[in-house]
Amino acid sequence: MKHARVLFNGSELAVTVEENGQLKSKADGQLINEADVQWLCPVENPGTIFALGLNYADHARELAFEPPKEPLVFLKGTNTLTGHKQNAYRPDNIEFQHYECELVAVIGKEGKNISREDAMDYVAGYTVCNDFAIRDYLENYYRPNLRVKSRDSLLPIGPYVIDKEDVGDISDLRVTTHVNGELTQDGTTKDIIFDVPFLVEYLSKIMTLKPGDMIATGTPEGLKDMQPGDKVVCEIEKIGALETYIVSEQEFYGDKY
Amino acid sequence: MTDNPIVKGKLVCVALNDADQFEAMQAEFNEAPYKSAPTQPVLYFKPHNTWSTEGAEVEWAADADSMVVGASLAVVFGKECCRVSQEEALDYVGGYTLVHDFSLPEKSYYRPDIKGKCLDGSAPIGGAVAAASDVADPQSLSVVTKVNGEIVNDMPVARTVRGVAELISTISYIMTLQPGDVIAVAFPGNRAPVNKGDKVTSEIAGVVSLNNQLGQ
């Protein structure tokens with residue numbers, strides 16, 4: 001089943017996404033057309049957002065890094081989250097902002113010291129995120145720093161969370177990004193260095209994982225600069241396709257600019 | 001781990017903001033892996049599993065040989081704060097409190113320190129929140145930390161690379177802050193070593209105090 005959250009007639013609504021693409025209210029079964037809603041982050045109470053750097057062997061090569069021997073994990077604020085078909089902004093006066101299409105594992109059950117063997121019992125399902133980065137802002141302190149990775153709107157996620165049972169094996173799923181219809185990133189989760197069970201074990205040894213925590217598992221090679229007006233679609237086989245529109249900083253913030 | 005009634009959304013901490021530490025590290029900043037001094041505030045999150053309260057016992061990190069603590073003045077946002085100037089920054093503060101950041105020793109600032117900083121219950125916040133209207137100038141405050149009754153740090157908020165208003169402004173251009181978000185602005189560079197069972201008390205005289213004890 002695919003679980004989403006949408007804004008419909010001014011209220012937040014939990015829905016399922018049906019086979020024909022229609023949305024069905026979990027509260028009363030009402031069928032709703034996608035055209036009538038605004039998509040929200042599909043996780044109702046987002047907890048800790050973990051993201052992985054350099055977690056695909058091909059991407060680490062692209063950035064001229066040795067593949068890490070230990071996961072490079074960073075945290076993102078919930079201010080970064082936005083839904084499917086929403087705007088994300090390009091800051092003024094920068095040279096290079098790129099997308100990162102990533103498989104996200106959503107934690108469904110609290111746990112600490114979880115073994116690799118039991119790890120998948122703690123995962124509720126999966127979604128797709130676009131973990132944008134602004135390379136101009138990188139500094140060698142807690143790298144990648146919050147200025148690069150915790151900006152408003154720069155973690156579109158969704159469209160929905162799909163139950164893990166509906167996906168099955170995630171060890172070789174195609175990961176693609178299209179910018180304005182052109183294929184710019186094309187990889188597979190087969191190149192993931194530290195997989196979901198490893199990460200659940202690794203993180204839960206450090207800290208308690210809770211429902212609503214999310215692990216974004218990194219991105220394959222294929223970086224490209226983004227500009228206002230671009231439409232970017234991040235897609236993971238069997239999971240979903242997440243669409244985002246790039247706007248300028250001024251357009252995004254409006255009156256607050 | 002204990003839920004905390006003060007922090008609701010994000011707990012952002014500022015590292016390397018003690019001007020004495022910053023000055024002392026200049027040579028190190030120029031070496032690998034840093035290569036140059038930071039030009040921006042060095043920020044990290046303490047995620048929700050770390051949030052704890054006044055009086056709570058702080059779990060000793062599994063397999064850790066040593067732990068340290070730093071205390072900081074913390075601003076609690078009272079309203080949404082997005083892209084504000086330094087001049088208006090303090091208008092968004094609902095109140096002031098303290099944060100204890102228990103962690104593994106800060107050995108490197110190069111990569112996000114998940115192992116060191118994300119321990120369950122390692123960020124007590126409190127005890128009370130002093131209303132912003134009762135604090136004329138946060139820069140004039142000092143945070144005194146004692147371990148088992150002995151003073152281990154006396155950190156004037158004025159001894160920082162960036163002051164409270166500047167940090168709020170800069171951070172508000174990175175991320176929109178919501179009511180109940182907290183920024184810990186002024187940790188001392190010399191984090192104090194602690195042992196199992198130690199009592200840690202921090203105080204801003206006449207404003208707020210925070211008491212915790214390490215577990216066994």
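Visitor: In which strand of chain A does His178(A) lie?

Guide: His178(A) belongs to strand E15 of chain A, which covers residues 174–179; the model we are reading is a predicted one.

Visitor: Is His178(A) buried, partly exposed or exposed?

Guide: The general idea is to read a relative accessibility against two cut-offs, with buried meaning under 20% and exposed over 50%. His178(A) has a relative accessibility of 26%, and it therefore counts as partly exposed.

Visitor: Leaving aside neighbours within four places in sequence, which residues are in contact with His178(A)?

Guide: Once those neighbours are set aside, the contacts of His178(A) are Leu183(A) and Thr184(A), together with Lys231(A), Val232(A) and Val233(A). For a distance along another direction, take Leu103(A), which is 75 residues from His178(A) along the chain and whose C-alpha atom is separated from that of His178(A) by 16 Å.

Visitor: Moving from one residue to the whole of chain A, which domains does the assignment give?

Guide: The assignment divides chain A into domain 1, residues 1–40, and domain 2, residues 43–256. Taken over C-alpha atoms, the centres of these two domains of chain A are separated by 24 Å.

Visitor: How many salt bridges and polar contacts does the rule find across the interface of the two domains of chain A?

Guide: The rule finds two salt bridges across the interface of domain 1 and domain 2 of chain A, and it also finds six residue pairs in polar contact there, both residues being at pLDDT 80 or more.

Visitor: How does the interface of chain B and chain A read: what area is buried, and how many residues are in contact?

Guide: For these two chains, 41 residues of chain B are in contact with 36 residues of chain A, while the buried area is about 3400 Å², of which 58% comes from carbon and sulfur atoms. The rule finds five salt bridges across this interface of chain B and chain A. Lys256(A) forms a salt bridge with Glu80(B), in which the closest N and O atoms are 2.8 Å apart.

Visitor: Which elements of chain B give two or more residues to the side that touches chain A?

Guide: Across the interface of chain B and chain A there are 19 residue pairs in polar contact, both at pLDDT 80 or more, and the elements of chain B that give two or more residues to its side are strand E1 (11–15), strand E2 (42–45) and helix H4 (114–117). E2(B) gives the most, with four residues.

Visitor: Where does Glu106(B) lie, and is Glu106(B) buried or exposed?

Guide: Glu106(B) lies in the loop between strand E6 (93–103) and H4 of chain B, and it counts as buried because its relative accessibility is 18%. Its side chain makes a polar contact with the side chain of Arg191(B), at 3.1 Å.

How values were computed: Residues numbered from 1 in each chain as written. Chains lettered and ligands numbered in written order. Predicted model: local features only at pLDDT ≥ 70, side-chain atom pairs only at ≥ 80, totals over all residues. Heavy atoms only, no water. Domains from an automatic or database assignment. Salt bridge = Lys/Arg side-chain N within 4 Å of Asp/Glu carboxyl O. Polar contact = N/O pair within 3.5 Å; in protein donor to acceptor, adjacent residues only side chain to side chain. Contact = heavy atoms within 4.5 Å. Buried area = accessible area lost by both parts, 1.4 Å probe. Buried < 20%, exposed > 50% of the residue type's maximum accessible area, 1.4 Å probe, protein only.
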